[in-house]
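Some labels used for a protein model rest on cut-offs. The questions below ask what stands behind a few of them.

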Amino acid sequence: RDARRTQGQAAHMLDSYMAELPEKHRSQAPLMPFQEEGVRFGLARGGRCLLADEMGLGKTRQALTIIAQYRNQWPALIV
């Protein structure tokens with residue numbers, strides 16, 4: 001089975017996930033546009049990707065958002 005998705009499917013996955021979050025989490029610290037792009041990139045590749053942004057730009061947050069879509073496949077590793 002091919003784990004790759006279209007950008008549209010990845011965007012839909014991200015939108016669905018964000019809609020499920022409690023309002024408190026969505027409003028206190030929403031993803032920045034470049035972080036959303038990174039999450040869509042990871043989702044389009046079935047969660048298998050390397051996030052290599054500069055320090056302090058939220059790679060861990062992006063990674064956690066990506067792996068949350070694959071809870072049924074845990075455990076997961078973020079390095």
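Q: In what order do the elements of the protein chain run from the N terminus on?
A: The order is α-α-α-α. This is a predicted model, and its protein chain has four helices and zero strands.

Q: Why does Met 32 count as partly exposed?
A: Buried requires under 20% relative accessible area and exposed requires over 50%. Met 32 has 44% relative accessibility, so Met 32 counts as partly exposed. Its place is the loop between helix 2 (23-28) and helix 3 (33-44).

Q: What makes Met 32, Phe 34 and Leu 57 a nonpolar patch?
A: A patch takes residues with over 30% relative accessible area, and nonpolar side chains are joined within 5 Å. Together the three residues, Met 32, Phe 34 and Leu 57, have about 250 Å² of accessible area on the surface.

Q: How much of the protein chain is buried?
A: Of the 79 residues, 28% are buried, where buried means under 20% relative accessible area.

Q: What lines the largest pocket, by class?
A: The lining has 10 nonpolar, two polar and one charged residues. Among the 13 lining residues, Cys 49, Ala 63, Leu 77, Ile 78 and Val 79 lie nearest the centre of the pocket. The space in the largest pocket is about 350 Å³.

Q: What kind of peptide bond joins Trp 74 and Pro 75?
A: The bond is cis, with omega about 15°. Pro 75 lies in the segment after helix 4 (59-67).

Notes
Residues are numbered from 1 along each chain as its sequence is written. This is a predicted model: local features need pLDDT of at least 70, side-chain atom pairs count only at pLDDT 80 or more; totals for chains, interfaces and linings use all residues. Side-chain values use heavy atoms; hydrogens and water are left out. Patches are made of residues with over 30% relative accessible area and no salt bridge: like charges are joined within 9 Å, nonpolar side chains (Val, Leu, Ile, Met, Phe, Trp, Tyr) within 5 Å. Accessible areas come from the Shrake-Rupley method with a 1.4 Å probe; for residues, only the protein chains shown count as cover. A salt bridge is a side-chain nitrogen of Lys or Arg within 4 Å of a carboxyl oxygen of Asp or Glu. Helices (H or I, at least four residues) and strands (E, at least two) are DSSP runs, numbered from the N terminus. Buried means under 20% relative accessible area, exposed over 50%, partly exposed in between (1.4 Å probe, protein chains only). On a 1 Å grid over the protein atoms alone, a cavity is a set of points where a 1.4 Å probe fits but cannot get out, and a pocket is an open set with protein on both sides within 12 Å along at least five of seven lines; lining residues have an atom within 4 Å of a point. Grid points are joined across faces, edges and corners, and a volume is the space filled by probe spheres set on the points. Ala, Val, Leu, Ile, Met, Phe, Trp, Tyr, Cys and Pro count as nonpolar, Asp, Glu, Lys and Arg as charged, and the others, Gly among them, as polar.
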